[in-house]
Amino acid sequence: MLDVQDIVTAYGKIEALKGVSLAVAEGRITCLLGPNGAGKTTLMYSIAGVLKPRRGTIRLGGVDITGQSPSAVVARGLALVPENRLVFPQMSVAENLEAGAYQRRDAAEVATDIERMYARFPRLKERHAQLAGTLSGGEQQMLAVARALMSRPRILLMDEPSLGLAPLIVEEIFRIVAELNKDGVTIFLVEQNVHMALKVAHHFYLMEQGRVTFSGEPGKLAEDEVIQRAYLGTSRQTSGDTTSSHKPG
Amino acid sequence: MVALDLAQNTLDGLMVGSSYALLAIGFTLIFGVMRRLNLAYGPTIMAGVYLGTAAFISLGAPILVVLAIVILGASLVGLYVERLCFRPFGEGARTASMVASFALWMQIEEAAMHLLPRHMNPFPALVASAPLEIGPLMLRADHLVMLAATLLIAGAATYLLARTKLGLAIRAVIDQPRAAAIVGIDVERVMMLTFVLASAIGGIAGFLIAATDAQVTAMIGMWATTKGLVAMMLGGLGSVKGAIAGGLLLGVLEAHAQWFLGPQVRDMVAWGLLFVLLAFWPGGLMGAKALDRTMAVGRRV
Ligand SMILES: Nc1ncnc2c1ncn2[C@@H]1O[C@H](COP(=O)(O)OP(=O)(O)OP(=O)(O)O)[C@@H](O)[C@H]1O
Ligand SMILES: [Mg+2]
């Protein structure tokens, strides 16, 4: 469904992505792991059209979307839950959801979808008139997820949705991720919480210093080993060996 | 008699202040979506007013046609300013945009001098009836028109922002531009539309001001930038309600200053206020709360 080939994205002279290739299979949950500064957020923004890659191609459902504007990418059925949530702080919860449905023209259906979001996230219903900036971190995260879903995406990108949240709320977020996936939404998830990520993911990639250094399926590898690779660093000799051989299809 | 003076000054100030309010609404919309100051805002308005009155002088265009030309002219010049000073630079290059808008200010003034070389130019008058008397107070009919137009436009702007899809997009861009792009709003298009809209509102303000004076000089450009900027700062950046309050407040303060301290002091009020505001309340008198809220949000993130 999503195919990233040899992407290079730079901030000025510094290349944050140095040729990243990976694939996200339709209907699956694919997870991207990696230490701070690896380039995970840069990759998410490059896919969503917020950052323009210098090189490489990004295909969504077979269509080349490299370098397209974020609004064009949304129109193709992709939604992003950005790092740090980025809700609209001075707008109400309800208005944040309406903004999520900005490109849709079916007002009645949008209203029904907002009710659906309230059913899925009862806290948002309670606080529908409250300014989003005054919500708690967990509530803002739910709002960011709900807002992204309002565009009825085929594929949902989530950048560290559990960051800074209490364990109970993290569990809830992951429960929602699994539910959404059951409903048919393809999910591409950035996570630092390796334990939770490996529980839900069908496939994962490991990224370090702007490169994909490992990929695999959770069951086939001991969790400690992934954690070891993700956070204690891998030697260059052992990395990269499985990079392209495990592309899910 | 001081009480009566105070009342009359306040009334006059509110009337004149309503034109400042319009200027401030336009200014605040541009500042909100761009987060950069558009120094060429006043000159944009002046360009519209000059085009309108050129048609009046040379072709004898009726007042409503002049109004249409002023609005259209200001909108087009606004578009030109956006293309040259704002579109090419990112939000990171505030200084570049400001300097560029200053350069266009000079350019527009130069062009206006070529269009109408005389210092003072006639402008069609709004209403020529005698002042109304309300008890002991006097009220100019054209000032009433100005107030009514301000209320109408402020109402329309509020409705647009609060109830329409474009308004939602404008508020989203003001609030969190990156998120606006992520949800699929065409941010550049929204910026352009806001710029044109604000320039059109400024054009209406310029028309009303020139028509109540029945004459206009190129100074109206500088004048509009100053008054709009100070009114916007008074009201707190980025809020339509604040812009209206700031404009009315500035008008009233100026009217009192003129009456009690003399006409020379009048124009110093705006400059003095700008200085005091920048030094002590950079968030604006009414913007302080909004600023606090934004900062609280920032801390949490
Ligand atoms: N706006 C920017 N300007 C310059 N460099 C940047 C910018 N954003 C990110 N970088 C750099 O690019 C690299 C990758 O950053 P990125 O945010 O993509 O990492 P990440 O994997 O998402 O990290 P984290 O887990 O901390 O969120 C880092 O070295 C970072 O310092
Ligand atoms: Mg990140």
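The report below takes up the cores and then a helix.

This is a predicted model, in which local features need pLDDT of at least 70 and side-chain atom pairs count only at pLDDT 80 or more, while totals for chains, interfaces and linings use all residues. Residues are numbered from 1 along each chain, chains are lettered from A in the order in which they are written, and side-chain values use heavy atoms, with hydrogens and water left out.

A nonpolar core is a set of buried Ala, Val, Leu, Ile, Met, Phe, Trp, Tyr and Cys residues joined through side-chain atoms within 4.5 Å, where buried means under 20% relative accessible area with a 1.4 Å probe and protein chains only.

| Core | Residues in it | Named members |
|---|---|---|
| Largest nonpolar core | 117 residues | A:L2, A:L22, A:L43 and A:F188, those with the most contacts inside it |
| Another core, apart from it | 47 residues | among them A:A79, A:M117, A:V194 and A:L206 |

To the largest nonpolar core, α8(B) gives the most, with 13 residues; helices here are DSSP runs (H or I, at least four residues), numbered from the N terminus. Leaving aside neighbours within four places in sequence, A:L43 is in contact (heavy atoms within 4.5 Å) with residues including A:V4, A:L17, A:F188 and A:M207.

Helix α3 of chain B has 24 residues (63-86) and should span 34 Å at 1.5 Å a residue, which agrees with the 33 Å between its end C-alpha atoms; the expected span is 1.5 Å times one less than the number of residues. Its buried residues, among them B:V66, B:V70 and B:F86, pack against α1, α2 (41-59), α4 (94-115) and α8 of chain B.

Key:
Helices (H or I, at least four residues) and strands (E, at least two) are DSSP runs, numbered from the N terminus. Buried means under 20% relative accessible area, exposed over 50%, partly exposed in between (1.4 Å probe, protein chains only).
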